[in-house]
Amino acid sequence: MIAGAASRPRVSVFPKCYFDRLCRGEMDYVQWIRSAAALGGEGIEHYDGFFRSFDAAGVDPVVEAMAETGQATSMLCFSPDFTHDDADERARQVERQRRAIDLAVTLGTRYCRTLSGQKRPGLTRQEGMARTVDGLRRSIEYAERRDVVLCLENHYKDGTWRYPEFAQPEDIFLEILARVESPFLGVQYDPSNALVGGYDPVRFLTRVLPRVVTMHASDRYVAEGATLDELRQADGTLGYSDQLKHGEIGKGVIDYDAIFRILADARFTGWISVEDGMNGLDELRRSVAFLQRKRAEYYPAGSG
């Protein structure tokens with residue numbers, strides 16, 4: 001496992017509640033950074049779509065606001081589409097990934113989230129795998145030069161995509177990892193996405209643990225009158241059903257005690273970024289506090 005400088009994980013926040021507004025430019029991102037300083041976290045996870053441009057005019061105010069508020073950048077969240085049908089577009093996606101790597105360096109982080117791409121109708125496993133592996137390898141060549149670790153997330157679907165993630169199934173995700181062995185490709189672990197994908201979040205963590213570098217923390221709960229079994233589709237996966245709710249961390253079905261026990265035993269010290277706030281910033285603040293309590297429980301002061 002790639003370790004950080006700290007002896008225990010740090011907690012950052014991601015404005016999932018404002019994702020669409022920030023992407024459309026309807027909300028000022030610098031203002032969000034300033035307000036996030038009161039949520040109790042130690043850093044912020046950025047998304048490339050929140051920036052109006054990657055030049056100094058678009059990036060410098062963000063860097064300055066981070067410094068003024070004493071928050072660190074945990075990771076840059078980025079969504080390349082390496083599985084696109086058009087070869088020229090796939091090449092453009094690699095170039096986009098390289099620009100995102102540069103942005104991560106400017107923001108002061110070594111970590112940049114990456115994905116496989118969309119599972120478009122007709123895309124075979126063989127072709128999707130080949131395209132993903134090629135895109136990742138070409139991106140890693142540049143990441144290594146810039147000393148940035150790409151973090152492949154077990155993801156469901158980027159908020160701007162039409163189709164779900166090609167690597168949503170556990171077996172496809174694991175095969176990609178096996179084919180791309182590099183210290184510059186780690187895992188961005190998301191327990192809720194494992195649940196959405198139809199596989200066990202805790203078991204999955206044990207399988208990818210040696211390569212986990214960052215983590216998303218969120219929680220899910222099943223609406224009254226529904227069950228997980230009822231939500232499972234015929235192919236064994238879960239969609240984003242309105243019966244499966246995003247909720248306050250620690251209140252849903254994710255076993256955070258088991259997760260923290262595994263992370264602590266492995267001496268994981270990477271960032272844990274909170275994806276919450278769908279029901280208000282007070283909920284996001286409570287989610288941060290929950291993770292910090294679990295951190296204190298499983299990473300006692302002076303340990304490590």
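This is a selection-by-selection tour of a predicted model.

Residues are numbered from 1 along each chain as its sequence is written, and side-chain values use heavy atoms, with hydrogens and water left out. Because the model is predicted, local features need pLDDT of at least 70 and side-chain atom pairs count only at pLDDT 80 or more, while totals for chains, interfaces and linings use all residues.

**Whole chain**

Select the chain and colour by secondary structure: there are 11 helices and 10 strands. Helices (H or I, at least four residues) and strands (E, at least two) are DSSP runs, numbered from the N terminus. Of the 304 residues, 54% count as buried; buried means under 20% relative accessible area, exposed over 50%, and partly exposed in between, with a 1.4 Å probe and protein chains only. Among contacts (heavy atoms within 4.5 Å) with a separation of 6 or more, 81% are between residues 24 or more positions apart.

**Helix α2**

Next, select residues 29–36, which make up helix α2. Tyr 29, Val 30, Trp 32, Ile 33 and Ala 36 are its buried residues. Looking down the axis of α2, these buried residues fall within an arc of 155 degrees, so they line one face of the helix; the arc is that of the directions from the helix axis to the C-beta atoms. An α-helix has 3.6 residues a turn, so residues three or four places apart point the same way.

At the N-terminal end of α2, show Asp 28, which caps the helix with a side-chain oxygen 3.4 Å from the backbone nitrogen of Val 30.

**Aromatic cluster**

Select Phe 14, Phe 19, Tyr 29, Tyr 47, Phe 50, Phe 51 and Phe 54, which form one aromatic cluster. The structure holds 13 aromatic pairs. Rings of Phe, Tyr and Trp (its six-membered ring) pair if their centres lie within 6.5 Å; planes under 30 degrees apart count as stacked, over 60 as edge-to-face and the rest as tilted.

Zoom in on Tyr 29 and Phe 51: the ring centres are 5.8 Å apart and the planes stand at 65 degrees, so the pair is edge-to-face. Tyr 29 lies in helix α2 and Phe 51 in the loop between β2 and α3, so the pair ties together parts that are 22 residues apart in sequence. Tyr 29 is buried at 5% relative accessible area, and Phe 51 is buried at 6%. Phe 51 also forms an edge-to-face pair with Phe 54, at 6.4 Å centre to centre and 85 degrees between the planes. Phe 54 is partly exposed, at 37% relative accessibility.

**Helices α3 and α4**

Show α3 with helix α4 (residues 87–107); their axes come within 10 Å and cross at roughly 35 degrees. Axes are lines fitted to C-alpha atoms, for helices over the stretch in contact, and angles run from 0 to 180 degrees between N-to-C directions. Val 59, Val 62 and Val 63 of α3 make the contact with Leu 103, Thr 106 and Leu 107 of α4.

**Two single residues**

Select Ile 172 in helix α6 (residues 170–179), buried at 7% relative accessibility. Not counting residues up to four places away in sequence, Ile 172 touches Arg 125, Met 129, Phe 166 and Ala 167.

Finish at Lys 294 in helix α11, which counts as buried at 13% relative accessibility. Display the side chains of Lys 294 and Asp 257, joined by a polar contact of 2.7 Å. A polar contact is a pair of N or O atoms within 3.5 Å; within protein, one must be able to donate a hydrogen and the other to accept it, and residues adjacent in sequence count only if both atoms are side-chain atoms.
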